[in-house]
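Here's a quick briefing to read with the structure open beside you. Take a look at the model first, then work through the points below.

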Protein chains: 2
Amino acid sequence: MDVAKLSGVSPSTVSRVIHDSSRISDATKQRVRQAMEHLGYHPNAAARSLVRGETRTIGLIIPNSEDDLFFRPFFIMAMRGISIEAQKHGYNIMYSFSNNEPEEVEFLKKYILRNHVDGIILMVSRENDRCMEYLEGRDVPYAVIGHPDNRYAKALWVDNDNFMAMYDVVTRLLSSGLQRVAFLGGLPDMSVTRDRLRGYKEALRTHGMDIDEDLIYTAPGFQESDGYEGMKTLIGRSHPDGVASADDLLALGALECMKEQGFSLPVIGFNNTIKGAIKSPTLSSVDIRPDQLGAKAADLLIKKLMGEETSVNFCIVDTQLIERETTAGISFLNIPRT
Amino acid sequence: MDVAKLSGVSPSTVSRVIHDSSRISDATKQRVRQAMEHLGYHPNAAARSLVRGETRTIGLIIPNSEDDLFFRPFFIMAMRGISIEAQKHGYNIMYSFSNNEPEEVEFLKKYILRNHVDGIILMVSRENDRCMEYLEGRDVPYAVIGHPDNRYAKALWVDNDNFMAMYDVVTRLLSSGLQRVAFLGGLPDMSVTRDRLRGYKEALRTHGMDIDEDLIYTAPGFQESDGYEGMKTLIGRSHPDGVASADDLLALGALECMKEQGFSLPVIGFNNTIKGAIKSPTLSSVDIRPDQLGAKAADLLIKKLMGEETSVNFCIVDTQLIERETTAGISFLNIPRT
DNA sequence: TTGTAAGCGTTATCAC
DNA sequence: GTGATAACGCTTACAA
């Protein structure tokens, strides 16, 4: 260390000054700090990692979600939240995009086995995820965005309260005077769909309303066409006067269908996608706060890495209803019509 | 090294096997490789960095462009291109988001001074950029997306050929039979605007047409409102029969204006934004290929880091015209009407 | 063809 | 309070 020479002390003393050790005299601290300033000294990250056995770096595995990248701001927003949070604690972020799941695992392994990172964040939680599978077999802390299966016992996770979010949405619609709010969801075996459907039902119950199965449609996918078909079916067998959709794309499909049929109902979607925000009529939607999801995932992970002994291994992030044209005016209905 | 023990050789031999040194017998290579396999050995990145004096990591500085993140897929696409390219050469990527320019410089310095990275990629090139200013004063290779000022002599850069892209756009419009194509641009002192305007003029000249200054409008900004005003002005003082816009948002404003006035002209924008792709009528636009820009930036930088002695310090990335509804049908006009 | 030993820049342990 | 010294895991002369 040149700093050591310049200030006439040993390297160990310099190290102690860096860590502001209490057993170093103020005088030498001054001197050493001046030398550091003068030489523009900054500690070498590799040397530190080597001796400390930690990198203060987090690895991000980003899935191969082609189009989603273009139309959904989710990933970039989450990456931003992660970055901002990590900075607060002096952590760095490494990321890599993959083309398929085996490649994801490959990069994951590289990060871990070569000691590039101390912990991992997975941007999505999937069923039978090979990354989680791998991570469960190791001792590397990791966090997931989404609620993982119970068998992934080591996972830290962040998620929205999908039940509550949908409960609030439906309550909002009902309290504006609507009587026959339909539920339009995606794949029925996905946990988001199930949770949101539960929220829908509970809201109806709370309002003293019966559940009409004809008002519930779960599509085989999340495309606009699925929403379109769903709406067609719903109209065919019941008389909805509003739609709570578990996804924006489904909601957009439903709107398309209504347009064709020449009428419009209040609609609320989920995920606050760009398409919903732009298309006319602009779609009211529940924002899942990707930035917060990212930030909290990073927070949980870093706390664990820093050895904070908290028993919580998850965090629920509040959603936010963005009201746009598809619910414009329905607040007027709050005033009971007599 | 446990591998060394297990295979009964010295650590240096193991190291040589890793690097496939020609001076190691095939027999020992076999043995050592088996041992590595057996123990699941992978070299420690920090130790390597320390001894080699390089990290094989690239740092990404992402600017504070608030809304752009939501509406423009540019950043995430570029980050993806960078990641994919870096993987090919065994490089890692670190990134950090910043809230303002001073913060950008702060993170930049941290990356460099603590030896976290070997090189830097700046996602945008701005005038009087403090990051570039800093980098010019150091010996760290860096690449920029966009064409930097001449005084940033050390910068590697990638950019589209904005002159050519606009030349092609206008040629396309003219050859479809249009006679009075208007130019709608942003801030006139920005190089993109100037280059694209030059392309516009050159295309007219090539077609033997005079340049009518009344058909040229450069707005004070890049918002939709600027495009709206621009179109209004253009209509007021000339009779355009088509619009070549240097930006999608301007083009969208122009379309809004036309809609109000009850007519429509062929329009082509730039940057292939999501809004243009979604709004009706969908906007034809020149895609600047953010993924390619990112990939090529990474490529240039890594080549330099690996010591390849090439004299090229830049790369031009081809644009791609995405034809949508605002130019639907104009190809018919290719057939000369008699 | 392989081994020995020094060194990369830090931190931690022990001494004084 | 401060300084030696070893160690982290790897690479690379230099020896053999």
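Predicted model: local features only at pLDDT ≥ 70, side-chain atom pairs only at ≥ 80, totals over all residues.

**Cis peptide bonds**
- In chain A, the bond joining A:Ser280 and A:Pro281 is a cis peptide bond, with omega at about 0°.
- Over in chain B, a cis peptide bond joins B:Ser280 and B:Pro281, and omega is about 0° there.
- B:Pro281 lies in the loop between α13 (274-278) and β10 (284-287) of chain B.
- Why point these out? Because most peptide bonds are trans.

**Positive phi values**
- For context, most residues other than glycine have a negative phi.
- A:Asn271 isn't a glycine, yet its phi is positive, near 95°.
- You'll find A:Asn271 in the loop between β9 (267-270) and α13 of chain A.
- Is A:Asn271 buried or exposed? A:Asn271 is buried, because 22 other C-beta atoms lie within 10 Å and 20 or more is enough to count as buried.
- B:Asn128 also has a positive phi, about 50°, without being a glycine.
- Look for B:Asn128 in the loop between β3 (119-122) and α8 (130-136) of chain B.
- B:Asn128 is exposed, since it has 9 other C-beta atoms within 10 Å and the cut-off for exposed is 12 or fewer.

**Where the chains touch**
- Chain A and chain B each put 34 residues into their contact.
- On the chain A side, the elements giving two or more residues are α4, α5 (66-71), α6 (74-88), β2 (92-97) and α13 (274-278).
- α6(A) gives the most to that side, with seven residues.
- By class, the chain A side has 20 nonpolar, 10 polar and four charged residues.

**The α4 pair**
- Helix α4 (residues 45-52) of chain A packs against helix α4 (residues 45-52) of chain B at about 140°, with the axes 8 Å apart.
- That angle makes α4(A) oblique to α4(B).
- The crossing of α4(A) past α4(B) is left-handed.
- Residues meeting here include A:Ala46 and A:Leu50 from α4(A), and B:Ala46 and B:Leu50 from α4(B).
- This helix contact has six nonpolar, two polar and no charged residues.

**Around DNA strand D**
- There are 24 residues around DNA strand D, and A:Ser12, A:Thr13, A:Val51, B:Ser12 and B:Ala47 come nearest.
- α2 (11-18) and α4 of chain A, along with α2 (11-18) and α4 of chain B, each supply at least two residues of that surface.
- The surface near DNA strand D divides into 12 nonpolar, eight polar and four charged residues.

Definitions and conventions
Residues numbered from 1 in each chain as written. Chains lettered and ligands numbered in written order. Axes fitted to C-alpha atoms, helices over the stretch in contact; angles between N-to-C directions. Helix = DSSP H or I, 4+ residues; strand = E, 2+ residues; numbered from the N terminus. Parallel < 35°, antiparallel > 145°, perpendicular 65-115°, else oblique. Left-handed = near helix turned anticlockwise from the far one by under 90°. Contact = placed C-beta atoms within 7 Å. Nonpolar A, V, L, I, M, F, W, Y, C, P; charged D, E, K, R; others polar. Near = placed C-beta within 6 Å.
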